[in-house]
Amino acid sequence: YGVLFGLLAYEPQFGLVVPVALLAAGQWRAIAAAALTVIALAVLATLLFGAGIWPAFIASTGIARTVLLEQGDVGFEKLSSAFAAVRMWGGGVALAYAVQTAMTLAAVGAAALIWRARLDHPQKAAVLSLAALLASPHVLDYDLTLFGITIAYIAASGFTRGFRDGEITLLAVAWITPLIARGIAGASGVPLGLVVQVALLALVLRRAHADAASVSAQSRSVAQA
C-alpha cells in the first residue's frame with residue numbers, strides 16, 4: 001500500500017500524516033514504496049510538461065494560501081477545517097493558524113499513537129483517514145467523502161466487537177455530512193464537517209483505548225497462568 005500512499009502526492013495536504021504513521025509502525029517497505037512513487041510521479045510530470053511546472057506550482061501555492069484560504073475567497077462555509085472555523089467566526093489569520101497548528105499536532109499525535117499500538121488494521125486506517133482531514137487547513141466539503149473510508153473501517157470493527165451507544169447514529173450523521181455541511185455552515189455558522197471529524201476521532205480513540213486495555217488484561221492473565 002506504499003504505492004497508494006505515494007499517489008496522494010496529487011493532494012499533498014492530505015499526505016502530511018502518512019509518513020508519521022508509517023514511521024511509528026516501522027513500515028519501512030511502505031515508506032520506500034511511497035517515496036519511490038512520489039519521485040516517479042515528479043519525474044514523469046517533468047518529462048511531460050517541462051521543469052517550468054515546479055516554479056509555477058510553488059507560486060500557485062502562495063496565491064492559493066493567501067486568496068483562497070486566508071482571505072476566504074473560496075467561502076469559509078465550504079471549508080471544514082479548524083482554520084476555516086476560526087475565520088468564519090471572525091477570528092484573525094494569526095489566531096486561525098494557531099488553532100489549526102494545535103489541531104494538526106493533535107491529529108498527527110493521535111495517528112502516531114494508534115499506529116504504534118498493537119491494534120487491528122481497521123482502527124489504524126480509520127484514525128489515519130480522519131487525521132489526514134484534521135491536519136489540513138484546506139478541506140473542502142467534497143473532501144469529506146473520505147468519511148466513507150472511516151465509516152467502513154469503524155463499521156468493520158463494530159461488527160466484530162459490537163457497537164457502543166450512539167456510534168451508529170454518529171456514523172449515519174457522518175454519511176450525510178458531505179451533502180449538508182456547506183448549507184448548515186452558511187446558514188448557522190456551525191462547522192458541521194469539523195465537528196463530525198472530531199467526534200469520529202474521539203469515537204475511534206475510545207474504541208482503541210478499550211481494545212488496548214483488553215489486550216493488556218489478556219496478556220497479564222496469560223502471564224499469571
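Student: Let's start with Ala25: what is its relative accessible area, and what does that value make it?

Tutor: Ala25 has a relative accessible area of 26%. Buried means under 20% and exposed means over 50%, so Ala25 counts as partly exposed. Keep in mind that this is a predicted model.

Student: What does Ala24 touch, once residues up to four places away in sequence are not counted?

Tutor: Ala24 touches Ala112, Trp115 and Arg116.

Student: How should I look at a pair of helices, say α2 and α6?

Tutor: Picture an axis through each helix, then check distance and angle. The axes of α2 (residues 18-25) and α6 (residues 93-116) come within 8 Å and cross at roughly 30°. Angles under 35 degrees count as roughly parallel, so α2 is roughly parallel to α6. The way α2 passes α6 is a right-handed crossing.

Student: Which residues make α2 and α6 meet?

Tutor: On the α2 side you'll find Val20, Ala21, Leu22, Ala24 and Ala25, and on the α6 side Val108, Ala112, Trp115 and Arg116. Sorted by class, that contact has eight nonpolar residues, one charged residue and no polar ones.

Student: Can we try the method on another pair? At what angle do α7 and α8 pack?

Tutor: Their angle is about 155°, and their axes are 8 Å apart. Angles over 145 degrees count as roughly antiparallel, and α7 and α8 are therefore roughly antiparallel to each other. Their crossing is left-handed.

Student: Which residues of α7 and α8 make the contact?

Tutor: From α7 come His121, Pro122, Gln123, Ala125, Ala126, Ser129, Leu130 and Leu133, and from α8 come Phe147, Ile149, Thr150, Tyr153, Ile154 and Ser157. By class, the contact of α7 with α8 has nine nonpolar, five polar and no charged residues.

Student: Next, cores. Which residues touch the most other members of the largest nonpolar core?

Tutor: Think of a core as buried nonpolar residues linked through their side chains. The largest one has 41 residues, and Leu128, Phe147, Ile154, Leu200 and Val204 touch the most other members. Several helices each supply at least two residues of this core, including α2, α3, α7, α8 and α9. Helix α10 gives the most, with eight residues.

Student: What is Ile154 in contact with, leaving aside its neighbours within four places in sequence?

Tutor: Ile154 has contacts with Ala126, Phe163, Leu171, Leu200, Leu203 and Val204. There's also a second, separate core of nine residues, and among them are Val74, Phe76, Val86 and Ala96.

Student: Let's go back to single residues. Is Ala82 buried or exposed?

Tutor: Ala82, found in helix α5 (residues 82-88), is buried, because its relative accessible area is 3%. Leaving aside neighbours within four places in sequence, Ala82 is in contact with Val99, Gln100, Met103 and Leu194.

Definitions and conventions. Residues are numbered from 1 along each chain as its sequence is written. This is a predicted model: local features need pLDDT of at least 70, side-chain atom pairs count only at pLDDT 80 or more; totals for chains, interfaces and linings use all residues. Side-chain values use heavy atoms; hydrogens and water are left out. Axes are lines fitted to C-alpha atoms, for helices over the stretch in contact, and angles run from 0 to 180 degrees between N-to-C directions. Helices (H or I, at least four residues) and strands (E, at least two) are DSSP runs, numbered from the N terminus. Angles under 35 degrees count as roughly parallel, over 145 as roughly antiparallel, 65 to 115 as roughly perpendicular and the rest as oblique. A crossing is left-handed if the near helix is turned anticlockwise from the far one by less than a right angle, and right-handed if clockwise. Contact means heavy atoms within 4.5 Å. Ala, Val, Leu, Ile, Met, Phe, Trp, Tyr, Cys and Pro count as nonpolar, Asp, Glu, Lys and Arg as charged, and the others, Gly among them, as polar. Buried means under 20% relative accessible area, exposed over 50%, partly exposed in between (1.4 Å probe, protein chains only). A nonpolar core is a set of buried Ala, Val, Leu, Ile, Met, Phe, Trp, Tyr and Cys residues joined through side-chain atoms within 4.5 Å.
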